[in-house]
Amino acid sequence: MTILYAIFVDPFVQMAGAPDLLVQALWDGLVSGVLYALIALGFVLIFKASGVFNFAQGIMVVFAALTLVGLHEKGVPAFLALALTVAVMFVLAVGVERVVLRPLVNQPDIILFIATFGLTYFLIGFGELIFGGNPKAMITDQLFLPRGVVDVPMLGGMVSFQKIDIAAAIIASLMVAGLAVFFQNTRIGRALRAVADSHKAALSVGISLNQIWVIVWFAAGLVALAAGIMWGARSEVSFALEIIALKALPVLVLGGLTSVPGAIIGGLIIGVGEKLGEFYWGPLVGGGIESWLAYFIALAVLLVRPQGLFGEKIIERI
Amino acid sequence: MLYRETGQFKTTYAADMAVFPLRQDRIGLAVILAAALTLPFVAGEYMLSAVMIPLLIFALATIGLNLLVGYTGLLSLGTAGFMGVGAYACYKLTTFFPDVNIVVWILVSGFFSAGVGALFGLPSLRIKGFYLAVATLAAQFFLQWCFTRIPWLYNNNISGAIEVPGRTLFGEFVTGPNASAEMRYLVVLAVVALLTWIASNLVHGRIGRSWMAVRDMDIAAELIGIRLLPTKLLAFAVSSFYCGVAGALMVFLWYGSAEPEVFSINQSFLILFMVIIGGLGSLIGSFFGAALIYVLPIALKAVPPLFGLSIAAATVEHMTFMIVGALIIGFLIAEPHGLARLWQTGKQKLRTWPFPY
């Protein structure tokens with residue numbers, strides 16, 4: 001009985017008893033959810049356009065952030081470093097298309113998946129070789145990103161909002177809106193959607209697949225850069241951030257591999273779910289459940305909807 | 001000239017379906033086994049304990065994952081978790097019953113792993129492809145969390161790690177600090193050879209064929225009368241059994257002690273590389289893949305001193321990462337079907353030699 005009480009009643013009593021803590025936990029969850037969503041967004045972009053499950057997306061996040069910080073350390077002004085990083089991401093996109101995607105076209109999914117593993121290893125080695133393996137601080141001030149805490153009295157307590165988190169949420173929303181406009185209203189966006197629908201049909205109306213792949217990988221690289229700046233500002237830039245890339249996977253399958261809104265909503269669900277779970281239910285089993293809770297939430301949703309919340313329905317025929 | 005089937009007539013169906021239909025293959029296998037058995041007498045301590053033992057253990061884990069990914073078509077990223085279950089089960093068993101032979105417990109611990117594997121295999125009936133891969137990550141992270149957070153599993157050690165006790169076989173130490181490399185090597189070799197032989201029989205028989213039918217198309221397999229749930233769960237169970245035994249061998253006969261970190265997600269990825277590079281759906285490929293991926297970083301680290309270059313250890317580490325990554329991509333481009341396909345091609349060339357076809 002006590003166990004049942006501890007699982008089903010006590011956490012809710014705690015929530016009602018201290019609503020300010022609940023709001024704080026919700027906010028923390030939402031913010032990490034936004035950042036998961038940003039990483040998942042990069043996955044979705046590439047998966048939609050090229051059918052590649054790009055494991056390297058998480059490393060691209062770190063690599064972009066590392067390039068930015070590393071360039072700045074070498075004496076490049078912050079905004080020039082930002083522009084150069086964008087250029088590096090473009091070169092990376094072209095390189096990936098030339099070296100990895102083009103020779104492997106028409107191979108089974110798992111082969112491409114493993115190829116992105118190879119890319120992951122390469123980027124880790126390359127990044128550490130050039131910029132060193134030590135964790136670095138993100139250049140928040142130089143990029144005019146706000147720092148510090150806003151304390152808001154709320155519900156009989158104080159809820160503190162990190163300014164950088166607010167900025168992250170705003171920038172993420174802007175990026176998503178920008179991507180939506182780009183997809184809906186531009187010529188390239190229409191071409192991207194055509195490729196996502198059917199490679200063959202897109203080819204037959206004269207869309208160059210190779211060009212599209214470069215564009216998508218570049219877009220994913222930009223999203224990675226944004227995610228890298230935000231994550232870097234919250235903690236620090238190092239390849240230990242790799243683990244957050246793995247967190248983006250449950251977000252991705254929860255929302256559906258092919259859905260942009262799915263990635264966002266999946267990110268928020270996972271972010272909030274794991275924070276609340278860790279905060280209210282974690283102590284029951286000794287804490288640390290954040291490491292696997294996200295995967296179980298995703299698993300539970302997949303059991304009901306095997307294609308994720310917003311994924312295309314999987315139709316199988318003999 | 002030597003490698004040719006000319007003159008070897010098959011008079012029964014069984015002979016036609018044999019795993020090694022060519023006499024030369026059988027001789028070759030016997031030679032390899034004999035060489036493996038005589039290795040302890042010629043090779044040094046380092047060769048045995050740092051190259052051969054890990055290689056055989058990784059090959060076993062790779063065979064396990066290959067049964068699941070290559071033969072049944074179910075992508076799993078939880079391999080290291082299942083290996084951990086085997087290692088911890090073996091540790092608990094030998095703590096409770098120290099008098100029972102350790103080799104028995106290593107094999108029995110596979111069954112615990114099989115049970116856990118089957119449990120986490122349940123969603124595979126509904127979830128497919130990459131969605132399933134992410135679902136198996138739940139197993140990986142949950143199991144690793146258990147290894148860290150449940151002190152009972154590591155006998156409440158303060159270090160939080162498994163300390164392998166000394167156990168004997170035929171009066172010689174096989175585990176613990178006093179075990180000789182030769183003894184450990186021979187035990188690993190025996191277990192791996194036995195399990196490979198069983199796996200070979202499994203995949204050539206009814207069970208293996210039903211796995212391959214499920215891999216090729218599960219709905220069609222269901223229509224021809226293969227029950228999906230038992231087939232998929234059996235694949236998960238057998239695969240996890242192999243991984244569990246490999247995990248137990250890894251901790252007891254190689255590392256000697258293990259922290260939960262040993263069974264991290266990176267270990268799972270490493271074994272998946274071995275499967276892919278070796279060749280999906282090939283047992284001999286599993287050995288090739290394990291050999292290549294395990295030996296590659298060691299060999300790369302040995303290269304700079306050969307040329308008299310002195311490069312900082314960290315730089316070598318980074319270069320190794322880069323080169324391994326580039327080689328994986330290059331290898332996939334050159335031969336997406338893995339080393340096993342190269343082996344096949346080579347054998348075919350040899351059969352028709354000196355003619356091109």
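**View 1. Helix α4 of chain A, from end to end.** Helix α4 (residues 57-73) of chain A has 17 residues and covers 24 Å between its first and last C-alpha, close to the 24 Å expected at 1.5 Å a residue. The expected span is 1.5 Å times one less than the number of residues, and helices here are DSSP runs (H or I, at least four residues) numbered from the N terminus. Of the 17 residues of α4(A), 15 are buried, so the helix is mostly covered; buried means that 20 or more other C-beta atoms, placed from the backbone, lie within 10 Å of the residue's own. After α4(A) comes G75(A), with a positive phi near 100°. This is a predicted model, in which local features need pLDDT of at least 70 and side-chain atom pairs count only at pLDDT 80 or more, while totals for chains, interfaces and linings use all residues. Residues are numbered from 1 along each chain as its sequence is written, and chains are lettered from A and ligands numbered from 1 in the order in which they are written.

**View 2. Where chain A touches chain B.** Here 39 residues from chain A and 36 residues from chain B make the contact, with two residues in contact if their C-beta atoms, placed from the backbone, lie within 7 Å. On the side of chain A, α6 (109-131), α11 (242-255) and α13 (290-304) each supply at least two residues. The largest share, 15 residues, belongs to α6(A). This side of chain A divides into 29 nonpolar, eight polar and two charged residues. Nonpolar covers Ala, Val, Leu, Ile, Met, Phe, Trp, Tyr, Cys and Pro; charged covers Asp, Glu, Lys and Arg; the others, Gly among them, are polar.

**View 3. Helix α11 of chain A meets helix α6 of chain B.** The axes of α11(A) and α6(B) come within 10 Å and cross at roughly 135°. L249(A), P250(A) and V253(A) of α11(A) meet Y131(B), V134(B) and L137(B) of α6(B). By class, this contact has six nonpolar, no polar and no charged residues.

**View 4. Helix α13 of chain A and its cover.** The end C-alpha atoms of α13(A) are 22 Å apart, in agreement with the 21 Å that its 15 residues should span at 1.5 Å a residue. Among its buried residues are W292(A), Y295(A) and L299(A). Their cover includes α11 and α12 (260-281) of chain A, together with α6 (129-149) of chain B.

Key. A residue is buried if 20 or more other C-beta atoms lie within 10 Å of its own, exposed if 12 or fewer, and partly exposed in between; C-beta atoms are placed from the backbone. Axes are lines fitted to C-alpha atoms, for helices over the stretch in contact, and angles run from 0 to 180 degrees between N-to-C directions.
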